[in-house]
Amino acid sequence: MLFTKEILITGKVQGVFFRKYACEAADAVGVTGFVKNLPDQSVYILATGTNEQLQEFINWCWQGSPRSKVENVEVKEMELKHFNLFQVER
């Protein structure tokens with residue numbers, strides 16, 4: 001069964017290749033959706049996958065890219081959305 005989660009990551013998550021690494025992490029666990037930077041310096045992700053895939057991806061979000069410093073990861077359940085892949089939105 002598939003689920004969609006809205007994920008908001010705050011901390012030092014822009015200018016540290018967070019979106020690039022998020023794409024790699026999503027692909028590795030089979031999650032689809034998108035990631036984008038927000039004007040307030042946070043990162044927004046909409047991700048679809050199984051509960052197990054999403055939990056593994058959310059765990060990665062807490063780690064982030066090598067140069068990021070994640071302060072918080074806020075997760076909300078959303079209405080199911082289907083995506084073909086995981087990509088960076090600009």
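Reply: Strand β2 (residues 32-37) and β3 run antiparallel and are joined by 6 bridges. Two strands are said to pair if DSSP finds at least two bridges between them. Strands are DSSP runs of E with at least two residues, helices are runs of H or I with at least four residues, and both are numbered from the N terminus. The model is a predicted one, in which local features need pLDDT of at least 70 and side-chain atom pairs count only at pLDDT 80 or more, while totals for chains, interfaces and linings use all residues. Residues are numbered from 1 along each chain as its sequence is written, and side-chain values use heavy atoms, with hydrogens and water left out.

Gln41 counts as partly exposed because its relative accessibility is 47%; buried means under 20% relative accessible area, exposed means over 50%, and partly exposed is in between, with a 1.4 Å probe and protein chains only.

β2 also pairs with β5, in the parallel sense and over 3 bridges. Here Val35 stands opposite Val88 in β5.

β3 also has a pairing with strand β1. Strand β1 (residues 3-12) and strand β3 (residues 43-49) are antiparallel and share 7 bridges.

Phe17 lies in the loop between β1 and α1 (18-29). Phe17 is not a glycine, yet it has a positive phi of about 60 degrees. Glu79 is in the loop between β4 and β5 (86-88). With a relative accessible area of 66%, Glu79 is exposed. From Met1, Glu79 is 78 residues away in sequence and 13 Å away in space, C-alpha to C-alpha.

Now the chain as a whole. The chain has 2 helices and 5 strands, in the order β-α-β-β-α-β-β from the N terminus on. Of its 90 residues, 42% are buried. The radius of gyration, taken over C-alpha atoms, is compared with a globule rule of 2.2 Å times the number of residues to the power 0.38. The chain has 12 Å, which agrees with the value near 12 Å for a compact globule of 90 residues. The C-alpha trace spans about 35 × 25 × 20 Å along its principal axes. Contact means heavy atoms within 4.5 Å. Among contacts between residues at least 6 apart in sequence, 77% join residues at least 24 apart.
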